[in-house]
Amino acid sequence: MTPTSRAAQPAPSASVEELQEQLELQQQQFETVVAIGQAIGSISDLDGVLTRVMEHTTRLMRAERSTLYLIDPEKKEIWSKVVQGEGLKEIRLPLGSGIAGWVCVHDQSVLIADASKDERFNSQVDKNTGFKTRSMVVAPLHDVTGKVCGAVQALNRKGEGGFTEKDLKLLEAVASQAGAAIENARLFQDVANRNLELSAAHAELDLLYDIEKRISESASLEQLVDGILQKAMEVLKVEAGAVLLREEDSGLLYFKSAAGEKGDQVKSLRQPLGQGIAGTVSGTGKPIVTDDASKHPAFDPKVAKKVGYAPKAVLCVPLAGDGGISGALELINRKEGLTFGPRELRLATLIAGQIARALSVSRERSEGERKARLATIGQMISGVLHDLRTPMTIISGYTEMLITEDQGEERRKFADTILKQLDHISGMARETLAFARGEREILLRKVLLNTFIAEAEGFLAQEMEGKGIELKVQKGWLGAVRWDESKIRRALYNIARNAVQAMPDGGRFTLSVDKEEDLVVFKLSDTGVGIPEEIADRLFQSFVTAGKKEGTGLGLAIVKKVVEEHGGEVSFKSKPGKGTTFILKIPTEPPQRSK
């Protein structure tokens, strides 16, 4: 069918009352059109404009339902943003489909008395919504350039009769105002979106500037990471946050920095790579964003249970740098009922990248310094040991001469003690030099632990004599093993020497030995000041010391090297102000290792 003709028809005669009624109706319609113009002119957002247009259109046209379609030029579709009444809230149709689509393509208004008889009518919409379309009137919408941007339609006029030519004129008047209002709302929204983008970009630049400033001003890596984490929590408005890093040796994740509720309690925890949200992110390199952490498949409740803090919303991104994934930045629970979105993910990724860069620079600098110091001390020790060889040889020779003299049993004991001490000093020197050169060699021999522990007890008693330190030795198992005796003795003495330095005002040192399956377990405990938090994660690295006047930073690094050469492992537990316990687990018969 074609649109109903608009040719002028002879006006029938009417009474004065009928004319008065028509004038009043026309006045109401005029006032409604003006109200539509005023209403849509005062609204800047597109949704508000569309809603108000449809409310007034339905009332003005005395229709059961009104629909406003807009053209989507990219998808070549028309879609309805607002649908009056119950049923479908959005309709999408190919451009040109249905009567509204035809109006958009041909830029012509239509007035239809019976939609079911019009070949352009798309009955599928009625089938989907359950609405029965009878009569309809449709007018095109135009933007400020005169181009068609959509169509507005009214369906099923209430009361007797269908829509008239006057209704069509009214709808066209509404459409002319609505088109301009929609275009203005779109322009306003575009400007607002661009302003938001510019504001976000400005905020990101401020954030980058602040981080760069912190990097240049921070005295240590710990201070830097703590500062960046605090800035991230402030910008993203979260309750808690943490930076987790991978340990070089074990691959476990540890909390380099943690802030917010329960932040101090999680710092001592370790998390396997691939376990939990942070472990999964660190393993896969892909971020995780969830509004309900407990329902995420990567969530591990163990950490939450240990510290008594259950996260809700979580945003976790990897620390990705040139060297790969070094850990993760985890942010927990946004304040004020906010949720994590694309902007928060972008900012967190930006911050994580800066943390990863700072870590990489710090590690490169530390590694360079460590190698330089190691080479320097190696050269120094080589020279010192060379100078000591001659006097040590002379002392050893004269001691052996004393043994051959008939000076009594007491002098023999003294000479034997001197020889053992000289042998111990020589072993210490050899081990230090081997460590500096990076040599890895052990000489396995049968060792009787009862004799080994007795000699160790005597040495430790001399070491702690006059220093107010109580020595306790607990002998749980004293069988035979195959070890490099001098190296194991060196490891125990290094730990004991550190313990003495950690108890300047006296205390208690306990050495216990026991057996677990095929492992000998040494536990060396002191009641000293404990391990400072800032070095706990790198305690066994070379040149790590906590301000000890006579410390070289090699003692515990040598301990770790000796134990691992024997196929064992070393760990520690420490509480500030309450002391430290080192645990050495060494196989009774480790495999022979070569250089």
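Across the protein chain the pLDDT averages 78, and 70% of the residues score at least 70. Among the elements of the chain, confidence is highest in strand β17 (residues 519-526), at 96, and lowest in helix α1 (residues 16-41), where the mean is 62. Over residues 1-11 the pLDDT stays under 50, and for this stretch the model has 18 contacts beyond four places in sequence. Where pLDDT is low, the predicted coordinates should not be read in detail.

Six strands form an open sheet in the order β9-β8-β7-β12-β11-β10, with antiparallel pairing. Its edges are formed by β9 (270-271) and β10 (288-290), each of which pairs on one side only. Strand β10 is joined to the antiparallel strand β11 (residues 314-321) by three bridges, and Val289 stands opposite Leu315 in β11. Helix α6 (residues 221-236) lies across β7 (238-246), β8 (253-260) and β12 (324-334), and runs at about 50° to β8. Helix α8 (residues 276-284) also packs on the sheet, where it touches β7, β8, β9, β10, β11 and β12, its direction making about 145° with that of β12.

Two or more lining residues are contributed by each of β1 (63-72), α3 (98-106), α4 (124-129) and β6 (148-157). By class, the lining comprises twelve nonpolar, seven polar and two charged residues.

Key: Residues are numbered from 1 along each chain as its sequence is written. This is a predicted model: local features need pLDDT of at least 70, side-chain atom pairs count only at pLDDT 80 or more; totals for chains, interfaces and linings use all residues. Side-chain values use heavy atoms; hydrogens and water are left out. Helices (H or I, at least four residues) and strands (E, at least two) are DSSP runs, numbered from the N terminus. Ala, Val, Leu, Ile, Met, Phe, Trp, Tyr, Cys and Pro count as nonpolar, Asp, Glu, Lys and Arg as charged, and the others, Gly among them, as polar. pLDDT is the predictor's confidence in each residue, from 0 to 100. Contact means heavy atoms within 4.5 Å. Two strands pair if DSSP finds at least two bridges between them. Axes are lines fitted to C-alpha atoms, for helices over the stretch in contact, and angles run from 0 to 180 degrees between N-to-C directions.
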